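Let's take a walk through this one together. Have a look at the model first, and then we'll go over its pocket and its surface.

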Amino acid sequence: MVSRELMRESRRTMEKEDFLDDVHIRMLRVSEDLRAIQQALNCAAMQAPSDPELMETLCQLPEIESLHTLKSALDQMRHFLWFYMQVVTNESEDGNQLRQTLRDQPPLGNSVSPRVVAAEKFKMAADVALLQYLSDGKVRKPN
């Protein structure tokens, strides 16, 4: 009986490690893709002023929409990563509280789970931060 539990625990640990390995590989791949996209866009931006055809192509609706989609996805990811780092590291009191509630078992009965309460608290914080970012973005200078 004990060996079965050890085997299950070992299997769960391996599944977590495989999951984390997959995420790590995906992050490396996405990071490399972003570098390549940045380099290609940089080259296009440098060539466009002297190449009217390239400038016209870059200003067409599909290219502009693609840029807006990429920018939106990167903005969302940046905000998510900020909150994720707060939760994973010990940078905030709310992060400690959320980690603790995630470790706890959900209560029995029909009462609201501490997980739901903590998730709602972070969702509201994320919404507030996004609104603050959007309102500040109008007066910020680009990097």
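Here is a short tour, starting with the ground rules. This is a predicted model, so to speak: local features need pLDDT of at least 70, side-chain atom pairs count only at pLDDT 80 or more, and totals for chains, interfaces and linings use all residues. Residues are numbered from 1 along each chain as its sequence is written, and side-chain values use heavy atoms, with hydrogens and water left out.

Let's begin with the largest pocket, which has a volume of about 850 Å³. A pocket here is an open set of points on a 1 Å grid over the protein atoms alone, where a 1.4 Å probe fits and protein lies on both sides within 12 Å along at least five of seven lines; lining residues have an atom within 4 Å of a point. The volume itself is the space filled by probe spheres set on the points. There are 22 lining residues, and V30, L34, A73, L74 and M77 lie nearest the centre. Helix 1 gives the largest share of that lining, 12 residues. Helices are DSSP runs of H or I, at least four residues, numbered from the N terminus.

Now for the surface. V30, L34, I37, L41, L67 and L74 make up a nonpolar patch with about 440 Å² of accessible area together. Helix 1 and helix 3 each give two or more residues to this patch, with four, the largest share, from helix 1. Patch members have over 30% relative accessible area (Shrake-Rupley, 1.4 Å probe) and no salt bridge, with nonpolar side chains joined within 5 Å and like charges within 9 Å.

E15, E17, D18, D21 and D22 gather in a negative patch, and E15 sits in helix 1.

Terms used. Salt bridge = Lys/Arg side-chain N within 4 Å of Asp/Glu carboxyl O. Lys, Arg positive; Asp, Glu negative; His and termini not counted. Charge placed at Lys NZ, Arg CZ, Asp CG, Glu CD.
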